[in-house]
Amino acid sequence: MVADSSRSDAGTAAEPADDRLLEVENLQTVFHTERETIRAVDGISFGIAEGETLGLVGESGSGKSVTARSIMGLVDSPGELLPDSSIRFDGRELTGLSETQYESVRGGGVAMVFQDPLSTLNPVYTVGNQIEEALSLHRGLSGLEATEKAIELLEDVGIPDAARRVSEYPHEFSGGMRQRAVIAMALACDPDLLICDEPTTALDVTIQAQILELLADLQEEHGLSILFITHDMGVIAEVCDRVAVMYAGEVVEQAPVVELFENPRHPYTRGLLRSIPSTQRGADRLETIEGEVPTPNAPATDCRFAPRCPEAFDACREVHPEPVPVATETADADADHTAACLLYPEDETREQAVDRHAIEDAPPGAGAVDSGGESR
Ligand code: SF4
């Protein structure tokens, strides 16, 4: 699996900058149950520049979809965003907006494509009706003008004979065509940021490739920024400029896509990459990461990956790792590639690295922790 090198240039160029359309900082989304509070997203930060595609990857239960719903303002009770969370879109803080204010963001600047098009499309209305409704709500179009625009959008997403199909119902469309129709509905809102939550997971590989190609074309045509959520590293390699790897509610590694594939630093990312099916490796069995993603129900005081990590040492069970810049053979240690792991920074001894993480994470006055390992 080799990431598309043309993406490399884009990714390298997409360093933290003022042109970030979306800036998520310390996002904490929790769900209250009778017994506990689930910290589904626990203090994550990332940004997306204009025209950039950021991949959010991780296993089920890592918090990817909750992140998307948090940005879209779709977290309902018993869920909530904790007060220190910040989501800035085009310079505007979104946390704390009323539902009415959020409606102008959803379908205005930000639109979302979900995994299952059938859950997005209403079976009792024609596809055209549903696109026209979006056009009416967000662009003020109606009547013939809305119908013509709906046909144009269906043509844009590659639906053949769009003038006829605009009057058909969702069940008359194939799975791939339904997802195209959902993308057309999202485009009806003329968004700057498209959030795609596993948009190809329910499709077979041929259709998946077509939808990915369509998204790339639309991105170029409309200058879209895309947050692409998936558990599939192959899809990440195909479509993303940069990648954020999530585990148990936290971002554990971030890097430009080629850099991540060539120099994964976090043991979890390495495990994910080793579990990609390969036709070249010649192995009979896929490598897997033993165990399951834990459900975080308390603030992290350790590394949540420690029970599954082949490189864990004593301090991993006592210190919560913070994201730190990592140096690799092909990139200097800078903010473009970070990993939240006590093994880094690599140019420090293990004791120094552990102390650094402990100090960054600890409340004022807390002492250093025994690293429980040899100095490098
Ligand atoms: S902090 Fe420790 S347990 Fe966590 S990923 Fe790094 S080496 Fe593994």
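## Overall architecture

Two residues are in contact when heavy atoms of each lie within 4.5 Å. Among such contacts between residues at least 6 apart in sequence, 66% join residues at least 24 apart. The structure is a predicted model, and its chain holds 13 helices and 13 strands. Of the 376 residues, 52% count as buried.

The space that the ligand takes up is the largest cavity. Around the ligand stand His266, Pro267, Cys303, Phe305, Ala306 and Cys309, together with Glu311, Ala312, Cys316, Cys341, Leu342 and Leu343. By class, this shell comprises 10 nonpolar residues, 1 polar residue and 1 charged residue. Glutamate belongs to the charged class, and Glu311 is among the residues surrounding the ligand.

## Two buried arginines

Arg178 is part of helix α8, which spans residues 175-188. Is this arginine buried or exposed? Arg178 counts as buried because its relative accessibility is 15%, which is under the 20% cut-off for that class. Beyond residues up to four places away in sequence, Arg178 touches Pro117, Leu118, Leu121, Pro170, His171 and Phe173. The C-alpha atom of Arg178 is separated by 9.5 Å from that of Thr120, a residue 58 places away along the chain.

Arg265 is located in a loop, between α11 (257-262) and α12 (267-274). With a relative accessibility of 12%, Arg265 is likewise assigned to the buried class. Its side chain forms a polar contact of 2.5 Å with the side chain of Glu346.

## Cis peptide bonds

The peptide bond that leads from Ser77 to Pro78 is cis, and its omega is near 15°. Pro78 itself belongs to the loop between α2 (64-71) and β4 (79-81).

A cis peptide bond also joins Tyr344 to Pro345, with omega at about 0°. Here the proline is situated in the loop that runs between β13 (338-339) and α13 (350-361).

## Positive phi angles

Asp90 is not a glycine, yet its phi is positive, at about 50°. This residue is found in the loop between β5 (86-89) and β6 (92-93). Asp90 counts as exposed because its relative accessibility is 55%, a value over the 50% cut-off.

Glu198 also has a positive phi of about 50° without being a glycine. The loop that contains Glu198 lies between β8 (193-197) and α9 (205-222). Which accessibility class does Glu198 fall into? Glu198 is buried, since its relative accessible area is 8%.

## Helix α2 and the residue that follows

How many of the 8 residues of α2 are buried? The number is 6, so the helix is largely enclosed by the rest of the structure. The buried positions are Lys64, Val66, Thr67, Ala68, Ser70 and Ile71.

After α2 comes Gly73, which has a positive phi near 70°.

How values were computed. Residues numbered from 1 in each chain as written. Predicted model: local features only at pLDDT ≥ 70, side-chain atom pairs only at ≥ 80, totals over all residues. Heavy atoms only, no water. Near = heavy atom within 4 Å. 1 Å grid on protein atoms, 1.4 Å probe; cavity = no way out; pocket = protein on both sides within 12 Å on 5 of 7 lines; lining within 4 Å. Sits in = over half its atoms within 2 Å of the grid points. Helix = DSSP H or I, 4+ residues; strand = E, 2+ residues; numbered from the N terminus. Buried < 20%, exposed > 50% of the residue type's maximum accessible area, 1.4 Å probe, protein only. Polar contact = N/O pair within 3.5 Å; in protein donor to acceptor, adjacent residues only side chain to side chain.
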